[in-house]
Structure formats: C-alpha cells, structure tokens
Amino acid sequence: MTERRTMTINMGPQHPSTHGVLRLVLELDGEIIVRCTPHIGYLHTGMEKIAESKRYQQVIPITDRMDYLAPLSNNLAYVLAVEKLLGIEVPPRAQVIRVMLTELTRIGSHLVWLGTHAIDIGAMSVFLYAFREREAILDMYEQVSGARMMSSYFRVGGLFADLPEGFEQTVRSFIASFPDRLAEYEDLLTRNPIWIERTRGVGVIKPEDAVDLGLSGPSLRACGVAWDIRKSNPYSGYDQFHFEMSRGSHGDVYDRYLCRIFEMRQSVAIVRQALERLPAGPVVVADPKLIPPPKPMIKQSMEALIHHFLLWSAGFTVPAGEVYQSIESPRGEYGVYLVSDGSNKPYRVHFRAPSFVNLQALPRMVEGRLVADLVAIIGSIDIVLGEVDR
Amino acid sequence: MDHVKEAEENLTVSKLRERFPEATFSTRSFRNETTFLVRSGDIIRICRYLKEDPGLLYDFLSDLTAVDRFGDHPRFEVVYHLYSLQYKWRLRLKVHVEEGEATPSVTSVWGAADWHEREVFDMFGIRFEGHHDLRRILMPEEWEGFPLRKDYPVQASPKWWEEETTGD
C-alpha cells in the first residue's frame, strides 16, 4: 500500500479566475480540494483611513473606487449615511433619479459578472455581448457626470447636476431593447447542457450556513432565504416601486446565476417605473450650508460667494453621533457605519463590504469539490477585490 | 412609523433587562438607532440570547468593527451590528476595550465574525479571546503597527522600505 499524501498549491493571484489579487492556498488530494484558505490584502488601499482625513463631500470619489463595478451603489450608501446623520431628506426628483441610476448600475454590474463568469467556465461569446450592453450603461454615466467609470454622481443633499437633455430617451431605448438581449444570453446558457453540467449542484451552501456566515444579496437568496434590503428596510423610496425578489432553492452556482438574471429583469422594471414617475423639481436640498450656490450667483451675491468659499475650503459640519446605513448593492448588503464627532470630517467610516463577507463562505462551498469547480464557484460569488480589501 | 420602531426597541431593552438583571448596560438612541453598551464579559451570553430568543432572533451578524477613541479610557469600542431576518430589526452592541486588553470572540455565535474579528485585530490590534485563527488579514504578517489607530500616520511605509531608501 502506498501512502496517500495531499499536495498544497497556490491558485492565484495570477490565475485569471482569481481577478489577479486573490490567492487561494489549496490542499489537494488528486483533483479534490481538501482545504481552501483564501489570502486577501494584495489590493489593500486603506480607504477607511484616508476617509478620516477628508471632508464629508470629498469621501464620495473614494467610495467609487471600492466597488468599481457599481460605483453609484457605493455613492448611494455613503450619502444616505451622511444624510441620516444630518437628518435631511433629498427632494423627490433626486430620489427617483438615484433609484433609476442605481438600478442601471445593478444591470451593469451583473453584466460584468455574467460575462466574466461565463468566460471562466469557457463560454466566450456571452462575454462579448454582455460588455457591449455594459458600454451603453457607461455611456449613460458619461452623460450624467462626465466620467465613464468613477462617476461620483451623487452628492450629500442630492445630485451633482440634473439629468442632461435627452437622457430619458437614452434610458428608454436601452430598456426597450435590453430584455431581448437578455433573452439571447439565456438562450446561450440557461438550457445549455455544458453550462448546466458545470454549475448545477456545484458549490452548494445550506441556508442556515449562509445566514451564519453573513452571506447576502443574490448569493443568499439563491439558498432560498428571502432577504432583500430594498424590500425589508426600504430606502430612497424603494417601497413605492413594484418588483419581485429573486429566489432560488438549491443554493448552487446555477441558482445564483438564475437569481442574477432574474434581478436584471426586475431592475429593468424598476427603471421603467422610475421613468414614468420622474417628478419635476429641484435635485438638491435648499440648504446653502450644504449645497454650493449656482455659479452665476457668485458674481452677483456676496452671500453666495461666502457660502461657496466656505463649502470649498472647510466643507460642512455634521452633528455628533453615529449611524449605520445599508443598501442592497449588486453583491448584497453594503453598509456604511459612520461616526461623527461634530467636525467637518468623519471620525470613523467603516464599509461593510458584501464581497468581503461573501468570500468568507468560499471554503465551505469548495471543500470536497474538484479544482475545476472552484473556478465556477468563485465566479458565482461575484466578488470585487477592490471591495474585499478596501 | 417612529413610534412602532420605538416599541420594538423597548421590547429588546425590556427583554434584555429581564433576562440579565445582573448585567449592567446602558442604551442610547440616535436617529432611530439603538446602541447597547455592554460589558465585554457579558458579550457572548448576550449575543447568544439575542440570537436564539424566539421573540428577537438576531440571527444575522451584519457587521463587526471598532472605533479608536484615542485619548479616552478605555480606548477602543468594538461595535456589533446585528440584524433580525425575521423581524427586520437592527441593533447595535458596543463593548469598551482598553489598550492591551482582549475581548471575547463571538465566532462561536456567528461564523461571520471570523474575518471581521481578524480585520479588527489587524487594523486596531484588539485581540479576541477564543478566536481560532487570529492572524493579520489585510496587512502582511510582518507589518508593524495598526493602521486604523488614530496615532498611526495616514502616510506610512514599512520599515524595510524606509531603510532601503535612506540607505541606512
């Protein structure tokens, strides 16, 4: 009898499926994974530390860079937390625009997930199509904010600017064509025998384990746990929109795939409702201590000049206290814990990043599976390393 | 809406006071959010009760982090954000920890606490007793200092790098 020994190998950080900055130490018995230990921290950017030295409004571009696939979701969570500390609510038009753009962001983020997940498993064409559609969403970012990726469009107290002329038409034509495109991707994958073989019954996690590990978003809902923050603790007026919560039952890679596809359809429905009800009116709160005056005003009014100067040099102060605000980001519960000491800079900001928490469940999903399954499972958790390491 | 919320909080408060008459804790409410300050010795008992009581069911540990109140004693606050999937309530627990002291790990209550506690250890240097694998998670193993402490500079580089560039 020969002695049975295991072998330890590194998967990543160079392996394409590990996004370049995640290292998985695998203990293998042949092709079977006996133990998986994730190592993170290659990207650690110290954003929570940097945020402590910035004024409240200056933190917004930092939040963009965490989950770079869903920058507007991060913006939203952060500005909602500051607004909660201030005790203010933004005007209805700003609310609806925020909802519309974060749902477009959800579609854009899920498209990147779909494309890369498919390419990890070996389906090339979906990747090309998904990125074509994402381009349309990036074009919308560019129209509203001037930037294609790190848009920083939301501000404490409202929006950076109102929607540009013709924007509604752009969105309308996108949501008119998108469901058909989505159906094409589904034709390529949903009933594809190879896809099913590679994903069904793979990376199963039980609902009680998922809750114990703090899994959230589509990864949690795929296990059959019905929890969506947009429904359970609505923010930004989500309670006025009609949509359904995605729900799976097996908690495997295939169900997570179906959940996200379903969510994209629901996002289209929310965007459509937002377009229908988009009210007229201002997009920022009428508070000169918070929102700088319009540029032409500065030349006419001394008062406006002073407010402008103060906001750009010292920012605004926020009452002392602490809040926790979470939103349903494309990856799950994105929470911002904000502590204020009453000054113009946050005393402490902590970002509860869903990717960080979801990645923790990886060892439980892969142990006992084949190395090839690991690639499918990483893709199905939909991690963004910028958010894992922060 | 607000008075409903208050009633829920009072339920948690009264249940806790009833169950743990000997444990001392204070509550504070700000912007409709309740914060419980508990002694670190009680944290595991209280967490387990909050998680398992059928009237509360705080089964989801949303977040665990810390705040450095530099200059105050005790210096650190460890902050727990709990969520009840069934009742849709949120609750914040807080524990004070002095520099150099340890606090019990809640990994036995929620598996999710594992990486969160490692991160707090890595960034603040707070040790969690009973954590099975308390290692640095974001910084390299050999890193000195705890970056999120208030007395740690925003711009800092590892020692070997400083030595190489200054030629010492």
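Predicted model: local features only at pLDDT ≥ 70, side-chain atom pairs only at ≥ 80, totals over all residues.
Residues are numbered from 1 along each chain as its sequence is written, with chains lettered from A in the order in which they are written. Local features need pLDDT of at least 70 and side-chain atom pairs count only at pLDDT 80 or more, and side-chain values use heavy atoms, without hydrogens and water.

Me: How many aromatic pairs are there over all chains?
Reply: Rings of Phe, Tyr and Trp (its six-membered ring) pair if their centres lie within 6.5 Å; planes under 30 degrees apart are stacked, over 60 edge-to-face, and the rest tilted. By this rule, the count over all chains is 18.

Me: Of what kind is the pair of Trp113(A) and Tyr257(A)?
Reply: The ring centres of Trp113(A) and Tyr257(A) are 6.3 Å apart. Their planes stand at 40°, so the pair is tilted.

Me: Is Tyr257(A) buried or exposed?
Reply: Buried means under 20% relative accessible area, exposed over 50%, and partly exposed in between (1.4 Å probe, protein chains only). Tyr257(A) has 1% relative accessibility, so the residue counts as buried.

Me: Of what kind is the pair of Tyr235(A) and Tyr238(A)?
Reply: Tyr235(A) and Tyr238(A) are both buried. Their rings lie 5.1 Å centre to centre with 70° between the planes, and the pair is edge-to-face.

Me: Over which ring does the charged end of Lys150(B) sit?
Reply: A charge sits over a ring if NZ of Lys or CZ of Arg is within 6 Å of the ring centre and within 35 degrees of the ring normal. The charged end of Lys150(B) is 4.0 Å from the centre of the ring it sits over, that of Tyr347(A).
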